[in-house]
Amino acid sequence: MSGGLRRVETSLGPVEYTWTVKPVKNMNLRLRPDGTVWLSTSRRVSGQAADSFIRSRAAWIFAHRDRGGEPAVVLTPPDRQEAARAAEAAVDRMWPLVEP
C-alpha cells in the first residue's frame, strides 16, 4: 500500500513505473518525455491493483513510448530593429483608435 519504483511483466515486455500515493480520486497514468512511467493513486489502491492497471495499459504505454516525444521547437530571438519597426507600426495603427 505504499508507493515507489515498481516493475511489472506484461505481454509486451517489462514496465518499470514510479507509483505515488496521493489524495486523488482516480488512477492517473503519466508518460514523461524521457519515457518514464508514473502512476498516482489514492491510499485505497493496493500494489496488486496498481500493477494490474499498468498491465491493462501496456499497449498504450509501449505505443506512446516508441513514438517518442516531439522535438522541441527552438525559438530564435527576434532581430531588435525588426521588432522595433513592428512595434512602431502597431502603435501607429492603434493610436488613432485611442486618440482623444
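The questions and answers below concern the salt bridges of this predicted model.

Reader: How many salt bridges does the structure hold?
Author: Side chains of opposite charge can pair when their charged atoms come close. Counted here are side-chain nitrogens of Lys or Arg within 4 Å of a carboxyl oxygen of Asp or Glu. The number of salt bridges in the structure is three.

Reader: Which parts does the pair of Asp-51 and Arg-6 tie together?
Author: The side chains of these two residues meet in a salt bridge, at 2.8 Å from N to O. Asp-51 belongs to helix H1 (residues 47-56) and Arg-6 to strand E1 (residues 4-10), so the pair ties together parts that are 45 residues apart in sequence. The parts are helix H1 and strand E1.

Reader: Is Asp-51 buried or exposed?
Author: Buried means under 20% relative accessible area. Asp-51 has 12% relative accessibility, so this residue counts as buried. For Asp-51 the answer is buried.

Reader: Which residues are linked with Arg-7 in a network of salt bridges?
Author: Arg-7 forms a salt bridge with Glu-9, with the closest N and O atoms 3.5 Å apart. The side chain of Arg-7 also meets that of Glu-16 in a salt bridge, at 3.2 Å from N to O. Linked with Arg-7 in the network are Glu-9 and Glu-16.

Note on methods. Residues numbered from 1 in each chain as written. Predicted model: local features only at pLDDT ≥ 70, side-chain atom pairs only at ≥ 80, totals over all residues. Heavy atoms only, no water. Helix = DSSP H or I, 4+ residues; strand = E, 2+ residues; numbered from the N terminus. Buried < 20%, exposed > 50% of the residue type's maximum accessible area, 1.4 Å probe, protein only.
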